[in-house]
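Have a go at each one before reading its solution.

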Amino acid sequence: MTLDNRKIKKIGIPRAISYYTNYPFYYGFFNALGVEVVLSDKTTAEIIKNGNKYVASETCLPIKVFVGHVVNLLEKGITDIFIPSIQSTGYKINNCSKIRGLPEIIRNVIDKPFNMIEPTFDKTEKLGFKQFWVESAKSLGITDKKLIKQAIESGWECYDNFRMMTESGINYTTALNNALNGICEKKNIELVKPISVVIMAHGYNLFDERISLNLIKKLEKMDIKVYTSLNIQREDAINALNELDETQYWANELDLTATAAHYLIKNKIDGIIALSAFGCGPDSLMVDEIEHHAKDFGVPLLHLNTDEHTGEAGFITRLEAFADMLLRKKRQKLKNIEPEKDDLSQTEKQKILLSVK
Amino acid sequence: MNKSKEKQFYKERYAQQDHSIATKDRVVAWPRMGNIDLSMGALVSSLGAKIVMPPQNTNRALEIGVKNSIEGICLPYKLNLANYIMALENGANTLMMFQAPGSCRFGNYTKMAQKTLKKLGYKFDMCVFDMYQSKMKQTLEAFWHVTRCWNPYRYYKGFSTGFNKAFAIDKAEKLMFYTRPRELNKGDAERCYKKWYEIIRETTSVRECKKLKQRVIEDFAKIPIDKDKIVPTVYLLGEFFVLLDPYTNQEIEKTLGELGIEVQRQIFFSDWLEHVLQPSIFYKKESHRQRCVRFAKDYMKRAIGGECLETVGDTVFAAKNGIDGIIHIMPFSCMPEIVAQNILPKVSRQENIPILELVLDEQTGKAGNITRIEAFADLIKRRKIKNIKENEEENAIKK
């Protein structure tokens, strides 16, 4: 068999787990290698049901969704699927076991024959970033070092564009579409809204519209400004964590604790919303950690747990109650600043709220 | 951060030691895990520190733990925290704990416990030794910090007695597992084990401790057993703490032994001690972990933390060595074991070995589990008898 025959022309990427934060890089990299990327469909009840069929009942929702997406790709006729194992992102800064063992789970729960591209990224064992991509390219049948280097560069370009756009405040979907199309635009006008919250959640929970039940859109409809982990820079997140005297233990701690910590310290928010999937191990610790600090800062925290049965109505009620509480709290705070302007009409109060912001 | 700085940072990450407590005032305590208190007690007391043992894990301990910890954390943490609280109430002021960062939530235990205990208003010094970086040095440093003992003989005595006690008690446990399903007078093995537990705890001299293991073997040999009885063997696998703690696993070994099944446990504290504390140059044998990597390689290609790899590797090993069944136990929401839970059905199918999954949490009723264990016991017994009959028939045809 010659090298050319082994070359894989099409690669499937499940729309779950690392897709949500790293997809621009994957897209840039594989496109530069000349490999077509095929995505699975967006998460639906059907996909969750399919995933549920294969894995043990105790497994957390994101993994069930991931398995569902792999099944979806197989149904589409894709036989080469990209399932990376991201073990650790720094020395002894590990991911959750289930994400580390994604290829192991998929290998053993799905019986159909397919080819898995399973590179390992493990800083603890000194399996670095470059090796990760060399390994992936090798299993695609590409060993040309120059080409791989170019592909990594174009991956970075795409990813950097994406991050630059999200950091300037463009919403996730638009930023992703722009990055994939090679557009880079900046939005410098910050909308001022009466209250603002930060959501601490894994990208794969928050940006999956089915799992998060459109949380961001719901909040924006209630006229609440939403900050997410994509809005801040990595360095800022690490600094914020250090400032709170915490050490990073989980690989995705920057998405959760550090993001919340950043906004807490900067005093930019009125409340924190934690969104986690039921039975998530790292989340149980990280939410507790930030709850502890939020109490010191006097910022309320709402912990939302989702699983495959979460009803939308209950979700909305809790969000509305939380938003009302935040608004009342803010109003009280403003009252204390200017007690003489106590009896004002609703619109005037709104104006004050806006001007203070 | 450059590289050396980064390393230094991670080294100091958990080393927050408090020097305000005078050495002579120190009262040491550590959480319960299996028979760890025998060895730790021998070591710490030979170095001259006072000890407070937290009471045995009971429902009350669990209640305290559940009350003071968050909802989603795993069961071992709740019990550990309860142990700390109970020990602190009994006058302890120095808490010892080992940890292994980067495995699973286990690496965060001490950090969380420290915070919670401080919130509750206790004053204490938490002494942590990290199992993943320079094992022996870390351990020695931790004990030096607690006891300030200069005398090398005391260290020798402590480690020697501690190790020998661990080996003796584990041997006694292994022999009890072997004897219990075969004993002629019910309860003999259990009584013998309890007797030796007391003897091992009370022995203090180095020379006596070295003889303990041999004496245990000789004493167990005296118990009358039925050697021809057909006894199916079961491997007990799963999470480390649950395996070693009789309260959490609801004395599953006893239940199985009384049903006439021999239990073999792959994880023993002494094996682990031997592996973890010895510098890797002196460790010539194939370690348990290496064996697991070898056997699990068809199913898993990388370690993912916790004991997942061990569980899968041992299952394959068991299937290839004529073991009749596997019982896989785990605390609720244990991350690495959930991965194992996903892998095991395929192993069971391909290697043709029955597996029973038991998930333990604070609410598990014992009756439900016993029903499942009994059904499983019946299944493997029938399977074993069937296999023996088939073998006999085959042999008869050959003749």
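Domain bounds here come from an automatic or database domain assignment. This is a predicted model, where local features need pLDDT of at least 70, side-chain atom pairs count only at pLDDT 80 or more, and totals for chains, interfaces and linings use all residues. Residues are numbered from 1 along each chain as its sequence is written, with chains lettered from A and ligands numbered from 1 in the order in which they are written.

**Exercise 1.** Find the domains of chain A and describe where they touch.

Start with the bounds: chain A splits into domain 1 (3-165) and domain 2 (190-356). Their C-alpha centres are 30 Å apart. Next, look for contacts (C-beta atoms, placed from the backbone, within 7 Å): 22 residues of domain 1 of chain A meet 21 residues of domain 2 of chain A. On the domain 1 side, α4(A) gives the most, with 4 residues.

**Exercise 2.** Work out the strand order of the open sheet in chain A.

Strands are DSSP runs of E, at least two residues long, and two of them pair if DSSP finds at least two bridges between them. The 3 strands run β5-β4-β7, with mixed pairing. β4 (residues 85-90) and β5 of chain A pair antiparallel over 2 bridges; in β5(A), A:Ile93 is the bridge partner of A:Gly90. Now the edges: β5 (93-94) and β7 (120-122) of chain A each have a single partner strand, so one side of each has no neighbour in the sheet.

**Exercise 3.** How many residues of chain A are in contact with chain B?

Count both sides: 27 residues of chain A contact 31 of chain B. Then find the largest share on the chain A side: α14(A), with 5 residues.

Methods
Contact = placed C-beta atoms within 7 Å.
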